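Hello,

Here is the structure I promised to pass on. Please open it first, then read my notes below.

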Amino acid sequence: MSEVKNPAIVYISPAELVVHPKLIEIYGENEERPALEKSISEKGILESLKVSARTGVNIVLAGKCRLQIARQLGISTVKVEFVESGSPEEDLKLVLDFNLHREGGKTHYQKFHEGQYWESVLRPQAKERQRESARRLNQSNDSNLNHSITENKSQLGKGKRVIQEVSENLNISVGSYHKGKKVFELISQLRELEKFKAVVALEMEFNRSIDAAYKFVCNQDICNQVIDLLEATEIGSIGDGIAWMLNGERNPFRRFQLDQVYQFKKRLRPELEIVGRVIGITNEFVVFGLRNLVNMSLEIVNLRPRQIDAELQDEPSASQRKRIFHLMQKFSDVFPVQVSLAELLKLPNLTEKEEVLLRMYESDVFEKTWEDYKTQMKAMEVSTNRKKDKICAA
């Protein structure tokens, strides 16, 4: 085990440090760690970065995020603790050791990246332990298969299988590890084939749910078709692709357009109006704006295409929407008015009270009031500038 070369903390410039490539490969080049960034900005770096200078270059083995944040904040020096390492293999081992219980959480993909390393380390040790057991049995009449082996011969816990040891290191169940390995292997294959759109989408699904990603990978027919669609940029996520395949259409989103109004065959909820307006279309959902009939407010509902049992309706508020767009242009510099008008556009139709609001915005009284307000604000600004000029002159 490596020992600390110098227990004293050393402060050096971030410019003199280089991050170990394995850290970037596993955790990504840039990570979002707002809590850590807030802590460092307020208290500085509390835990030193672990660094190896074996090659003459200061290689960061632990503390990639701290270094990244220090550079972003313009911190001139960071706390560094140099550790001894005799080879590239030992550097890599230290990277994994130091980051085993990394704070800030790890994605499933990051954990299985680590698991790949732990298997490569522990499997040779397990084989050596088996050979050692066999040698001891041959040398003695002792047939006890649970004969103890000294700790310095292996890092594996006594009696533990490699998979069990790796799963414990990653803090996941053995079953989830077996499932996750299949997904991780496919991601690695896709990366080698340079199918990077599919890599990103599958990694995202994997991080969301090991089980869901495993089921997707096991269904080879759907999996291959979805990968092709992802690479053709026809879809943006695994969930999207599965929905398309199960729906029996190549693109179930194609019949929907922004601002269309649909009447549902059944109310989505008892308190919601039966008609809704399409106000957004994402990679997974058609987003509807519906009116809550209890409080008359706007409610946003996300539906997958296969969940939408509704018929397209003629535009019920064409003339009102035209007036709203005109008012938004007229009062483009009045944020509260812009917000209220934008919300009205999300509703399938307007109530009498909302029609009154439109008329108020259109009235000469409102326009004159707003013009008077702008005149007063301009006069106040001129007065303030004059006072500042007098102070400067004095």
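The second largest cavity has a volume of about 30 Å³. A cavity here is a set of points, on a 1 Å grid over the protein atoms alone, where a 1.4 Å probe fits but cannot get out. The volume is the space filled by probe spheres set on those points. In total, the structure holds two cavities of 30 Å³ or more.

This is a predicted model: local features need pLDDT of at least 70, side-chain atom pairs count only at pLDDT 80 or more, and totals for chains, interfaces and linings use all residues. Residues are numbered from 1 along each chain as its sequence is written, and side-chain values use heavy atoms, without hydrogens and water.

Which residues line the second largest cavity? They are Arg277, Ser317, Gln320, Arg321, Ile324, Leu344, Leu347, Asn349 and Leu350, each with an atom within 4 Å of a point. Helix 12 (residues 318-330) gives the largest share, three residues. Helices are DSSP runs (H or I, at least four residues), numbered from the N terminus.

Now the helix pair. The axes of helix 7 (residues 174-192) and helix 9 (residues 210-218) come within 9 Å and cross at roughly 55°. Axes are lines fitted to C-alpha atoms over the stretch in contact, and angles run from 0 to 180 degrees between N-to-C directions. Helix 7 supplies Ser176, Lys179, Gly180, Lys182, Val183 and Leu186 to the contact (heavy atoms within 4.5 Å). Helix 9 supplies Ile210, Asp211, Ala213, Tyr214, Val217 and Cys218.

Best wishes

How values were computed
Helix = DSSP H or I, 4+ residues; strand = E, 2+ residues; numbered from the N terminus. 1 Å grid on protein atoms, 1.4 Å probe; cavity = no way out; pocket = protein on both sides within 12 Å on 5 of 7 lines; lining within 4 Å.
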